[in-house]
Amino acid sequence: DIDIDETDSIVLTKATTADGGITVDAGGAIAVTDVHSSATDDDTNDISLTTTAGDIAVVSINAGSVNDITLTAAGAITEDGDAATVVRADELTATAGGSITLDTTVATADLAATGAGDIDIDETDAITLASVMTSDGSITVDAGGAMTATLVNSSATDDGTNDISLATTSGDIAVVTITAGSVNDVTLTSAGAITDADDTVTDIQ
């Protein structure tokens with residue numbers, strides 16, 4: 001494994017393992033150029049990056065298709081604007097004090113913006129939104145494959161600005177629970193069908 005405890009800011013130019021996890025905790029911002037643990041993709045070689053102050057700026061993080069990634073930022077979690085560089089994992093868990101903006105190739109996402117900030121995800125293929133929540137921000141997810149919206153909620157600040165937009169360019173949108181509140185709006189755009197995934201409770205509020 002690689003395990004780094006940094007006192008302040010750090011640039012991870014390259015951090016790779018042949019068979020091991022990667023953990024970096026920093027007292028300042030983390031800039032991630034190239035971090036990957038995908039050489040042995042067996043669900044044990046996860047990646048965890050944490051800041052207690054500052055943002056996490058991501059270029060490329062690759063955990064493979066079975067290992068997981070956890071990002072925890074005191075500030076925002078940002079991407080480089082290049083759709084070709086992504087966060088790749090089985091499950092992505094990201095918690096930020098500000099906004100979360102990422103290009104992803106993940107199966108499942110658990111995302112929380114705990115302060116003022118939007119969540120904006122561009123996913124290459126199918127994705128399950130296990131939990132996506134903002135305290136004061138909008139939620140936008142665009143996927144190249146089918147999407148399952150298990151729990152998506154922007155209602156904590158219900159002021160007409162924190163809308164939810166979910167879109168697929170291929171495949172269906174299956175809805176379990178989407179909650180925008182009484183003033184925020186919800187927009188669903190699907191290349192396929194839009195379906196009720198549980199058929200037991202009110203799905204969209």
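User: How many bridges join S4 to strand S7?
Analyst: 5 bridges join S4 to S7 (residues 47–51), and the two strands run parallel. Strands are DSSP runs of E with at least two residues, helices are runs of H or I with at least four residues, and both are numbered from the N terminus. Two strands pair if DSSP finds at least two bridges between them. Please note that this is a predicted model: local features need pLDDT of at least 70, side-chain atom pairs count only at pLDDT 80 or more, and totals for chains, interfaces and linings use all residues. Residues are numbered from 1 along each chain as its sequence is written, and side-chain values use heavy atoms, leaving out hydrogens and water.

User: Which residue in S7 is the bridge partner of Ala26?
Analyst: Thr51 is the bridge partner of Ala26.

User: And which strand does S1 join?
Analyst: Strand S1 (residues 2–6) is joined to S4 by 5 bridges, again in a parallel arrangement. Asp5 stands opposite Asp25 of S4.

User: Changing topic, how many helices and strands does the protein have?
Analyst: The protein has 0 helices and 23 strands. Its radius of gyration is 17 Å, close to the 17 Å that the globule rule gives for 205 residues, so the protein is as compact as a globular protein of that length. This radius is taken over C-alpha atoms, and the rule is 2.2 Å times the number of residues to the power 0.38. The C-alpha trace spans about 45 × 30 × 30 Å along its principal axes.

User: Which residues have the most contacts inside the largest nonpolar core?
Analyst: They are Leu49 and Leu71, in a core of 47 residues. Strand S13 (residues 100–116) gives the largest share of this core, 6 residues. A nonpolar core is a set of buried Ala, Val, Leu, Ile, Met, Phe, Trp, Tyr and Cys residues joined through side-chain atoms within 4.5 Å.

User: What is Leu49 in contact with?
Analyst: Leaving aside neighbours within four places in sequence, the contacts of Leu49 include Leu12, Val24, Ile30 and Leu71. Contact means heavy atoms within 4.5 Å.

User: Is Asn45 buried or exposed?
Analyst: Asn45 is buried, with a relative accessible area of 3%. This residue is found in the loop between S6 and S7. Its side chain makes a polar contact of 3.1 Å with that of Asp19 and one of 3.4 Å with that of Thr44. A polar contact is a pair of N or O atoms within 3.5 Å; within protein, one must be able to donate a hydrogen and the other to accept it, and residues adjacent in sequence count only if both atoms are side-chain atoms.

User: What about Asp43, in that loop too?
Analyst: Asp43 lies between strand S6 (35–36) and S7 and is partly exposed, with a relative accessible area of 41%. Asp43 has a positive phi of about 75° although it is not a glycine.

User: Lastly, where is Ser154?
Analyst: Ser154 is in the loop between strand S18 (152–153) and strand S19 (164–168). Ser154 is buried, with a relative accessible area of 1%, and its side chain reaches the backbone oxygen of Asn162 at 2.7 Å.

Notes. Buried < 20%, exposed > 50% of the residue type's maximum accessible area, 1.4 Å probe, protein only.
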